Amino acid sequence: NQSKEDSFKPFKEAKQSAVELFEQNYIVQCLRTCRGNITQAARRAHIDVKNFYTKMKRYGIEPSDFK
């Protein structure tokens, strides 16, 4: 049974988790809006297509899930 102190993450670790969750949700929303069109989604997000692909791969996001 963990106390609240034991489950409390250091700032840097908590921030990284929040950023990753935001990125994942943002990429998914962009792909939904653009019906899986990666180029269009990256353009809409103002992210280089190569970086968009990298983020998709990092989070295991498949564009075919949005068509």
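Reply: A residue is called buried when its relative accessible area is under 20%. The model is predicted, and of the 67 residues of the protein, 27% count as buried.

Me: Why is Glu23 called buried?

Reply: The cut-off for buried is under 20%. Glu23 has 17% relative accessibility, so Glu23 counts as buried. Glu23 is placed in helix α2, residues 11-33.

Me: What makes the pairing of the side chains of Glu23 and Arg58 a polar contact?

Reply: A polar contact needs a pair of N or O atoms within 3.5 Å. The two side chains make such a contact at 3.2 Å. Leaving aside neighbours within four places in sequence, Glu23 is also in contact with Lys55 and Tyr59.

Me: How do you know that Met56 counts as buried?

Reply: Met56 has 4% relative accessibility, and therefore counts as buried. Met56 sits in helix α4, residues 49-59. Beyond its neighbours within four places in sequence, the contacts of Met56 include Ile27, Leu31 and Pro63.

Me: Which pattern does the protein follow along the sequence, and why is the protein called more spread out than a compact globule?

Reply: The pattern is α-α-α-α. The radius of gyration is 15 Å, well over the 11 Å that the globule rule gives for 67 residues, so the protein is more spread out than a compact globule. Along its principal axes, the C-alpha trace spans about 45 × 20 × 15 Å.

Key
Residues are numbered from 1 along each chain as its sequence is written. This is a predicted model: local features need pLDDT of at least 70, side-chain atom pairs count only at pLDDT 80 or more; totals for chains, interfaces and linings use all residues. Side-chain values use heavy atoms; hydrogens and water are left out. Helices (H or I, at least four residues) and strands (E, at least two) are DSSP runs, numbered from the N terminus. Buried means under 20% relative accessible area, exposed over 50%, partly exposed in between (1.4 Å probe, protein chains only). A polar contact is a pair of N or O atoms within 3.5 Å; within protein, one must be able to donate a hydrogen and the other to accept it, and residues adjacent in sequence count only if both atoms are side-chain atoms. Contact means heavy atoms within 4.5 Å. The radius of gyration is taken over C-alpha atoms; the globule rule is 2.2 Å times the number of residues to the power 0.38.
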